[in-house]
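Subject: Structure handover

Hi,

Here is the structure I promised to pass on. Please open it and keep it beside this email as you read.

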Number of protein chains: 2
Amino acid sequence: MEKPKEPKIITDKNEMREWSRSMRAQGKTIGLIPTMGFLHQGHLSLITEAHKHTKVSVVSIYVNPGQFSPNEDLSTYPSDFNGDIKKLMSVPGGVDVVFHPYNLYDYGVGSVGHGEGRVEKEGVVSCVEDGGGSGHETWVTVERLGKGLCGKSRPIFFRGVATIVSKLFNIVEPDVAVFGKKDYQQLRIVTRMVRDLDFAIRIIGSDITREKDGLAMSSRNVHLSTDEREKALSINRSLSKAKDAVEMGQINSRDLINSVIESIQEAGGRIDYAEIVDQESLKAVERITSPVVFCIAAWFGKVRLIDNIEISG
Amino acid sequence: MEKPKEPKIITDKNEMREWSRSMRAQGKTIGLIPTMGFLHQGHLSLITEAHKHTKVSVVSIYVNPGQFSPNEDLSTYPSDFNGDIKKLMSVPGGVDVVFHPYNLYDYGVGSVGHGEGRVEKEGVVSCVEDGGGSGHETWVTVERLGKGLCGKSRPIFFRGVATIVSKLFNIVEPDVAVFGKKDYQQLRIVTRMVRDLDFAIRIIGSDITREKDGLAMSSRNVHLSTDEREKALSINRSLSKAKDAVEMGQINSRDLINSVIESIQEAGGRIDYAEIVDQESLKAVERITSPVVFCIAAWFGKVRLIDNIEISG
């Protein structure tokens, strides 16, 4: 049996870039898997996917304050760095580097906060503080794709995602980056951003990993009580039923959506959104005649879960 | 005498990136000078500046529709590609590549316009068309720095600048990029963007080049009548006087500004703005006790000119 590979841990962004450039100088291609840590099998499957495309791989572990609003769960976002490293070592082939920076918004001037839930001036709100004129103030937005679905209840979320992903791309300089399809809108936004800003990076979407009972894996699942977890199974069950119904010829989105909402509400979930959208444009689709994705966000207790299912149409 | 170097002309972005990567593989550093063409001595001085820092140099010539509003002068923006090449060959050391793409917003899907003055949906207005869900929709904004000075009368201008500069950075992958101080706000915005998004690029600001009579060089000067051109000299004259006044102990911004406005208006100019701001934060300064820059935008006939002067304070 292969000896588990211990990843090199890099916290400094310049050291990270130097490592990548030394790999590139040796002709090695680089895969990046951006994560916020508290890894589960879903993350590990992204690494296995990356191994198919590149010679070396970098997993970033960074809880990005730029994508959380002060009223969101940044402070309770779970973490377990040592456990993460062990899990990464269990992946066949392992990973070469874990990039684990302390604060990617600290530029050594002014006072730039890290996850203190401060409020920026001029109505722009994220957990990254405006450091009195010298703080972070550059944001990448993917206008239309970022407005619907999760963008409705989390208006600064995708701005924060696109910005941190741009930063990671510029620091790690990967050839390929792998994102999970569970965050479907995020995958589409990053793909569009890469095209629109001409990043020389190939984006790969990787299938959702589920628990045996069908629950989509998420770092937030740990916050679910046993009871809530059982109720949350209604999401995947109803989505699967909807897919079966389409395959049986039911192509009216409104009927399919109503039936999924009903099932989740009966189980005790509170719907944030339930929408059937085009797989590329994420525009709502009324009749399913081309590839779509059925996207759900719902609350169970204090936990907001998202899930989706691709339907070929 | 050295034989003038003929630049390689590249129009394809992938070919451009391959060229840069082949240079980097040979250990050569790359300087980028982004321009919109119709070059003058001011541009050529940026190339001379770039030569001090890098081994090879790329001049991009691209009139960026993303930074023009439909009511602005995109369609009349002057161009003279053959003349530009001749001028570039006159620079000692020349340039290695002229990157001259046709349309950096055409992604081969939908219909993406090029300078047709179309209006995007949802109130966002630039000369880049929304191609029905598949068009360009990613924008880089430097929030606070982009709001004042030129940002007031040109609300989408710096969004367009930061976006096209990001695209050029990702295509050319330079080590150094040179920008003129005439576009002072642009220089500060690009510098901040590079820091905030972790681009591995050093930004160098290069001094304003002036005609013998003091007029700041600009591609737009060609649109001035002889009479307007004479009147426009009031900008630099009054700015120089203001600098002298500060050196003589006058540190009240309001008085200095009023006197400059008066001089330019007397000469027949129409002021867009006249402000004294901090050199780094671009925040307005009431009393000059630290390094500032006095920035002016004014119309002479149908031509809007900008100029500025740094004052050490």
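Below is what was found, starting with the contact between the chains.

Some ground rules come first. This is a predicted model, in which local features need pLDDT of at least 70, side-chain atom pairs count only at pLDDT 80 or more, and totals for chains, interfaces and linings use all residues. Residues are numbered from 1 along each chain as its sequence is written, chains are lettered from A and ligands numbered from 1 in the order in which they are written, and side-chain values use heavy atoms, with hydrogens and water left out.

**The interface**

Chain A puts 38 residues in contact with 37 residues of chain B (contact means heavy atoms within 4.5 Å). About 3300 Å² is buried between the two chains, and carbon and sulfur atoms give 42% of that. Buried area is the accessible area (1.4 Å probe) that two parts lose on being put together, summed over both. A:Glu137, A:Thr138 and A:Asp198 supply 21% of what chain A buries against chain B, more than any other three residues.

Eight salt bridges connect chain A and chain B. The term means a side-chain nitrogen of Lys or Arg within 4 Å of a carboxyl oxygen of Asp or Glu. A:Glu137 forms a salt bridge with B:Arg144, with the closest N and O atoms 3.8 Å apart. On chain A, the side that touches chain B has 16 charged, eleven polar and eleven nonpolar residues. Here Asp, Glu, Lys and Arg count as charged; Ala, Val, Leu, Ile, Met, Phe, Trp, Tyr, Cys and Pro as nonpolar; the others, Gly among them, as polar.

**Strands across the interface**

Strand 5 of chain A and strand 5 (residues 138-142) of chain B run antiparallel, joined by five bridges. Strands (E, at least two residues) and helices (H or I, at least four) are DSSP runs, numbered from the N terminus. Two strands pair if DSSP finds at least two bridges between them. A:Val142 stands opposite B:Thr138.

Best wishes
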